[in-house]
Amino acid sequence: MRWSKYFIPTLREDPADAEVVSHKLLLRAGIVRQLSAGIYSYLPLGQRIALKVMQILREEMNRIGGQEFYLPALHPAEVWQESGRWSAIGDDMFRLKDRKGADMCLGMTHEEVFTTIARNEIRSYKQLPQVWYQIQIKFRDEPRPKSGLMRLRTFIMKDAYTFDVDREGLGRAFLDQREAYKRIFTRCGIEFSIVEASSGSMGGSESNEFVAKTPAGEDLIASCSNCGYAANVEKATSRLPKIEDEAGPDAPEEFPTPGVRTIEDLTTFPGGAVADRQIKTLVYMMEKPTVGTLLPMLILLRGDHQLHEIKLSDSLGGATARPAHPEEIREVLGASAGSLGAVGARERAKRATYEHSIEGGGTQTLIKYPEILIIADEGLRGRRNMTTGANKDDHHVRGVDIERDVEVDKWADLRTVNSGEACPRCDSGTLEVYKAMEVGHIFKLGTKYSETMGATVLTEEGKPVPIVMGSYGIGVERIISAAVEQNYDTDGIIWPKSIAPFDVIVTVTNMKDEKLREAGEKLYENLTRAGLDVLLDDRDERAGVKFKDADLIGIPFRITIGKKIGDGVVELFNRKAKKSEDVRLDEIVSRVLMLAKSEV
Ligand code: ATP
Ligand code: MG
């Protein structure tokens, strides 16, 4: 490619609305342009990068026996209704109607469509296992599209699906994918960790996220450098030092605490308690299926611990709950936040009543919240002599023995882990919590889709069983963003060799100099003939401008053709190492070939 004819609109300045590094650099290097929020066009350089990423995805999927499909992006509502996700997924799904008024949607993922094919075509265990994949566009109306290519509303995904007759087969398929993912990210020059994750709306039991560490990431990962434990904070736990509680009174004692509103206030209040000897009480509301009825939930945590809402949702089997409004809290517990507690809460909640008119006249008094749910964090197990709110403004109770005095309905891990806490897996490690970006996700789906959609096979014994499935996704744009976030400097992008738009750039310092121009053309031809992707900077620009642009777009190697050409010498510049060396013209092709094609 000749730069003079190639479309690379580089920008000198950082675009005003771009915040994260990859967003700025992808725009400045003329790789992508925004069309609308979360919707981007790939310019020629971007398309070259995306194709290289997709080629790696294909090679690694094919290597584990994957068969490439190409499924439609436009789906009839029926298949999503069958799986139950038409109603389970909210506004993230782009929905539309066809000219006949039938409901349609744009695919967010393809479990439903692949399962439809499996259901219609696969009858016997003899046809299994199958490993199917595609590289295709996805649509998601993300609430907060941002950070350039990191969270898009339309993006390219490699999604794979495996079909097995039993869980053992799924286990093998999952491990194959896991190994393929490791090779993919390594080949793309991305430093990654594999973490345990929450499965969200996908359903299924086991899932692993592949994450790339970067301050631009939206996920928080807790990991231990001692033993390699790593988990999304949505799931991560830590080991708490054991606390020995002194025996308390036989029953909780109420005491006045005027002005005390927070955990912190109570730590300094005379007769109060340190944070880890307090029980924090949060009130959440869960909408029950019957419209208008609400189930109040009391969430109990140690005073110095923070709730993680995803853990709460997971403990409720994926249901969502919201924090109660101050009026609701007062109705349920009779006090304001700051004086709440679970001791006697059930009886207290029954005091909220309302008048219900009876058919034929008259009214009846009904209890507004006949039941409440008390969920306690594991960190409170066995704790005694604790202090908590008394459900009476400006009052607390002390001497609370959680197992004696509170009727806990459910114990769950609800607490957010923090850097510096002890690793839950090994004896001596401590956790570090850092920001990362999810680049891939592998799920053991099990039979969620095959059961709801009726995809069954006959076993060797002739028994019909639902196919056991897995689903595995990688975002092409996430790979591109992560590669930039992890590989750049003040001058621009430093593409990993495997996905660089060009292997090498030949920069002719002065196009007006006949000798230099001819040498450049000749070298361009020779490098191309050797199988390299070459960009010839044949623009009529000053050398300084050309060097700056080459650094910005991040081509791994630059060959500069300048004055030394008279001695048969060119300069070879390594973008990553930022080092130059003189190389003889007759050796340069083999030299670059060797460097460009070597592993990462
Ligand atoms: P996230 O938690 O970041 O929203 P997700 O869990 O919704 O991701 P999956 O449904 O597992 O993602 O999709 C598989 C892969 O597709 C992700 O690992 C990611 O690489 C990519 N991906 C998902 N959503 C987006 C998006 N909005 N923009 C770009 N890539 C995405
Ligand atoms: Mg998502």
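**Exercise 1. Find which backbone nitrogen the side chain of D503 reaches, and describe the surroundings of D503 in this predicted model.**

Step 1. The side chain of D503 comes to 2.8 Å from the backbone nitrogen of D533, and a polar contact is a pair of N or O atoms within 3.5 Å, where within protein one must be able to donate a hydrogen and the other to accept it, and residues adjacent in sequence count only if both atoms are side-chain atoms.

Step 2. D503 lies in the loop between β28 (492-493) and β29 (504-508); helices (H or I, at least four residues) and strands (E, at least two) are DSSP runs, numbered from the N terminus.

Step 3. With a relative accessibility of 5%, D503 counts as buried, where buried means under 20% relative accessible area, exposed over 50% and partly exposed in between (1.4 Å probe, protein chains only).

Step 4. Leaving aside residues up to four places away in sequence, D503 touches K52, K497, L532, D533, I555, P556, F557, A596 and K597, contact meaning heavy atoms within 4.5 Å.

Residues are numbered from 1 along each chain as its sequence is written, and chains are lettered from A and ligands numbered from 1 in the order in which they are written. Because the model is predicted, local features need pLDDT of at least 70 and side-chain atom pairs count only at pLDDT 80 or more, while totals for chains, interfaces and linings use all residues; side-chain values use heavy atoms, with hydrogens and water left out.

**Exercise 2. Describe how α1 and α13 are arranged, and state how far each is buried.**

Step 1. The axes of α1 (residues 21-28) and α13 (residues 476-486) come within 9 Å and cross at roughly 100°; axes are lines fitted to C-alpha atoms, for helices over the stretch in contact, and angles run from 0 to 180 degrees between N-to-C directions.

Step 2. On the α1 side the meeting residues are V21, S22, L25 and L26, and on the α13 side I480, S481, V484 and E485. By class, this contact has five nonpolar, two polar and one charged residues, with Ala, Val, Leu, Ile, Met, Phe, Trp, Tyr, Cys and Pro counted as nonpolar, Asp, Glu, Lys and Arg as charged, and the others, Gly among them, as polar.

Step 3. Six of the eight residues of α1 are buried, so α1 is largely enclosed by the rest of the structure, and its cover includes β1 (32-36), β2 (39-42), α13, β27 (488-489), β28 and α15 (543-553). In α13, ten of the eleven residues are buried, so this helix too is largely enclosed.

Step 4. Just after α1, G30 takes a positive phi of about 70°.

**Exercise 3. Decide how many disulfides there are, and examine C224.**

Step 1. A disulfide is a pair of cysteine sulfur atoms within 2.5 Å, and by this rule the count is zero.

Step 2. C224 is in no disulfide, the nearest cysteine sulfur, that of C426, being 3.7 Å away.

Step 3. C224 is buried at 3% relative accessibility, and C105 is buried with a relative accessible area of 0%.

**Exercise 4. Is D91 buried or exposed, and where is D91 placed?**

Step 1. D91 sits in the loop between α4 (85-88) and β5 (95-97).

Step 2. Its relative accessibility is 69%, so D91 counts as exposed.
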